[in-house]
There are 2 protein chains.
Amino acid sequence: MVKASRRGFLALGGAAVAGAGVGGLTQRVLRAEQATTTSDRVAFYGARQGGIATAAQQRLAFAAYDMTATGAPALKTLLQTWTAAAAAMCAGRMVPGDNDNPAAPPADTGEAVGLPAANLTITIGFGPSLFDDRFGLAGKRPAALADLPRFPGDQLVAADSNGDLCIQACADDPVVAFHAIRNLARLGRGAAVMRWSQLGFGKATSTSAVQDTPRNLMGFKDGTRNIETADDGLMNEHVWVGGEGEQAWMRGGSYLVSRRIRMLIEAWDRDYLSDQEAVFGRQKVSGAPLGGSKEHEDPNFTAMKDGEPVIATDAHIRLAAHENNDGIRILRRGYSYTDGMFSESGELNAGLFFIAFQKDPRSQFVPLQRKLSANDALNEYIEHVGSGLYACPPGVSGPDDFWGSALFA
Amino acid sequence: MVKASRRGFLALGGAAVAGAGVGGLTQRVLRAEQATTTSDRVAFYGARQGGIATAAQQRLAFAAYDMTATGAPALKTLLQTWTAAAAAMCAGRMVPGDNDNPAAPPADTGEAVGLPAANLTITIGFGPSLFDDRFGLAGKRPAALADLPRFPGDQLVAADSNGDLCIQACADDPVVAFHAIRNLARLGRGAAVMRWSQLGFGKATSTSAVQDTPRNLMGFKDGTRNIETADDGLMNEHVWVGGEGEQAWMRGGSYLVSRRIRMLIEAWDRDYLSDQEAVFGRQKVSGAPLGGSKEHEDPNFTAMKDGEPVIATDAHIRLAAHENNDGIRILRRGYSYTDGMFSESGELNAGLFFIAFQKDPRSQFVPLQRKLSANDALNEYIEHVGSGLYACPPGVSGPDDFWGSALFA
């Protein structure tokens, strides 16, 4: 696209340079120093990536990218560039590079200037397709990164699923989260292209019993029995990859499964309160399990009333409970989404962008979802329309390290 | 849609009733009393509708609706129902009605239970099509509600434009804003259907020089010279409808123009900083007009350098400035949006959901947009893809009044 007014570039450039004494100085100031305190920054460097054990932030921007370049060097360069940019953004700074040269595009797109770091975390994952023959990584593919099977009822849209790479950006300010996926897309130009993206406007899943449990768009509290991310024992048992039979480069990482779950909101909203509660197995307002009185009490799956189980045999919490799944647990970290509506029907296009982290999807998400997809009473009101599976490497140790560096060792 | 587990309704209903002592009590509690203070509530009743002079909140959910019912009584009933629900939601309460009857769908969808009122405002507008022959209102159509002309470069999508009614829901929590348009859609069932909707994830336009000016997705501060909504003189001069030759029912109201403005983000991001600044006529980081040093100083449109104007002849702020438009001003109240990306191109589907309020679009938005659409340097980087025009009636005086009541007097 040729810009007509660029004909006046030299003269206008002069004017801009004359004014740059002020603008340039301002641009060199750290974004964070203008507006943030350290209390809203999540450390980027460390043994683990942020955005997994991090207490769930309010907003999400998620994107999948496909590589357009091939060869290990191109991938390595992209990961180095992305890592440096992510570290800066998580610290509340602009994307590093030329941000005040009038005769160049600014390195940072600028919409987050003046905004706080907002607890931004940027988490990368590698899809199964990254381990084909393009980057010489076929031998590094973890066994746990096995393509997800097709589940009963899946209505997956290919264009909204999978991808060579994913970025999960979570922050308490949605502009800060969007800025991250946009700037990584831009830095990837020539090497990677965005495949799909999803804004999550509301945190839908609690990751801590200390916080109030948020509600999903069905009006129910979500994540009451989620793994407490502050509990290292549970995280080590269920979420973090250890040393057992796994690719060495994934030790300290985790596997991310994303599912775009459309809610059939209009049908749900016509359902009786008692039926909605039976579907979940919980009271709607209090969040207490049926038959109980407090949100965080353990559900009583054996209680009977009038010859029927109080928590129905097809209730969501019964089917998903670790007590009924050989102790299987996953860390959920989902967000509500809306992408407008379907103009044919007038129905809202909205639901839950489900994200789960785990040590091995083959023994965690897959068996759970097999069971849920076959039996869950909730299936009448939801459709899985997008899916993703990604290996999230361990954290970046410091400025000389980069995401997935052990892949190239 | 028939729910299989509803077969067990009677037995489960009994269990739910048994548990309702707790759940029911909780549901009767005002949403606001659980979690909010009065400091985050905007008064719903008053001479003016909220959401116009209200200092711009952080998030937007906007929806247009088409009437499916005909006749004045159906419209009047809908407006009464919507008004009562809007008053409750703005006070941080649930949608009025049966919220704890196990044998009925809850009146409120529930996702905002426990959330604060978050300065929610709900603003209604009536589109030109409402004044056709369906509701007997043809004689009440204001002259100022004249269909917008086609502007050069318009790429309007009919399914994302216009509508019999619009609802602008603004709040500091996006779940609270979304909850409003969703519940009004639901209450409208049988009378109105949603035509299109738009989530605005980030406030993009300042309505007060006291607040920090937010940035749009081009990275520029937006609204620096906007009408100060706290200035009654300016609001009366430019925004509120007075008595002059106008339909009596619109006195104290305003006209809303919405434009979904897609930004060609990838092209913009490749542009030189000096050129970006020339397009707007401002420095990017500081927001100061070119040739100046402070954001809020008046631009100097006569300054020259090296024989060229410092602020280019096609710069956005020159073309839009009231000094250069016979004093014309509009109140802008826009939000950044993203709806994912275009899978063919990998480009982001994102931009500005522009909203402007004014006394008469024929003498305010229309001439301004004629000029901008023909000459603005920014046109190379934007496309208007949606449009709406709505007459927003005055405020609701109290619980016995309703939106647009004077239409039926």
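Predicted model: local features only at pLDDT ≥ 70, side-chain atom pairs only at ≥ 80, totals over all residues.

Student: Is Phe151(B) buried, partly exposed or exposed?

Tutor: You count C-beta neighbours: 20 or more within 10 Å is buried, 12 or fewer is exposed, and anything in between is partly exposed. Phe151(B) has 17 C-beta neighbours inside 10 Å, so it counts as partly exposed.

Student: And which residues is Phe151(B) in contact with, leaving aside neighbours within four places in sequence?

Tutor: Those are Gln369(B), Arg370(B) and Ser373(B).

Student: What about the helix as a whole? How many residues of H4(B) are buried?

Tutor: 13 of its 14 residues are, so H4(B) is largely enclosed by the rest of the structure. You can check its length too: at 1.5 Å a residue, H4(B), residues 174-187, should span 20 Å, and its end C-alpha atoms are 20 Å apart, which agrees.

Student: How do I describe a pair of helices?

Tutor: Two packed helices are described by the angle between their axes and the distance between those axes. For the case here, H3(B), residues 72-90, packs on H4(B) at about 155 degrees, with the axes 10 Å apart. That makes the two roughly antiparallel, since angles over 145 degrees count that way. The contact is made by Thr81(B), Trp82(B), Ala85(B) and Met89(B) of H3(B) with Ala180(B), Asn183(B), Leu184(B) and Leu187(B) of H4(B). The crossing of H3(B) past H4(B) is right-handed.

Student: And in chain A, at what angle do the axes of H3(A) and H4(A) cross?

Tutor: Roughly 155 degrees, and the axes come within 10 Å. H3(A) and H4(A) are therefore roughly antiparallel to each other. On the H3(A) side the contact is made by Thr81(A), Trp82(A), Ala85(A) and Met89(A), and on the H4(A) side by Ala180(A), Asn183(A), Leu184(A) and Leu187(A). H3(A) passes H4(A) in a right-handed crossing.

Student: What do the buried residues of H3(A) pack against?

Tutor: They pack against E1, E2, helix H4 and strand E4 of chain A. Among the buried residues of H3(A) are Leu75(A), Leu78(A), Leu79(A) and Trp82(A). As for length, H3(A) has 19 residues and reaches 26 Å from its first C-alpha to its last, close to the 27 Å expected.

Student: Now strands. How do I read the two faces?

Tutor: In a regular strand, side chains alternate between the two faces of the sheet. Take E3(A), residues 165-171: Leu165(A), Ile167(A), Ala169(A) and Ala171(A) point one way, Cys166(A), Gln168(A) and Cys170(A) point the other way, and all are buried. With 7 of 7 residues buried, E3(A) is largely enclosed by the rest of the structure.

Student: Which strands pair with E3(A)?

Tutor: E1(A) is joined to E3(A) by 7 bridges and runs antiparallel to it, with Ala61(A) partnered by Ala169(A). E2(A) also pairs with E3(A) in the antiparallel sense, over 6 bridges, and there Thr123(A) stands opposite Gln168(A).

Student: And which residues lie on each side of E2(B)?

Tutor: Thr121(B), Thr123(B) and Gly125(B) are on one side, Ile122(B), Ile124(B) and Phe126(B) on the other, and all are buried. E2(B) pairs with E3(B) in the antiparallel sense over 6 bridges, and Thr123(B) stands opposite Gln168(B).

Note on methods:
Residues numbered from 1 in each chain as written. Chains lettered and ligands numbered in written order. Helix = DSSP H or I, 4+ residues; strand = E, 2+ residues; numbered from the N terminus. Pairing = 2+ DSSP bridges. Expected span 1.5 Å × (residues − 1). Axes fitted to C-alpha atoms, helices over the stretch in contact; angles between N-to-C directions. Parallel < 35°, antiparallel > 145°, perpendicular 65-115°, else oblique. Left-handed = near helix turned anticlockwise from the far one by under 90°. Contact = placed C-beta atoms within 7 Å.
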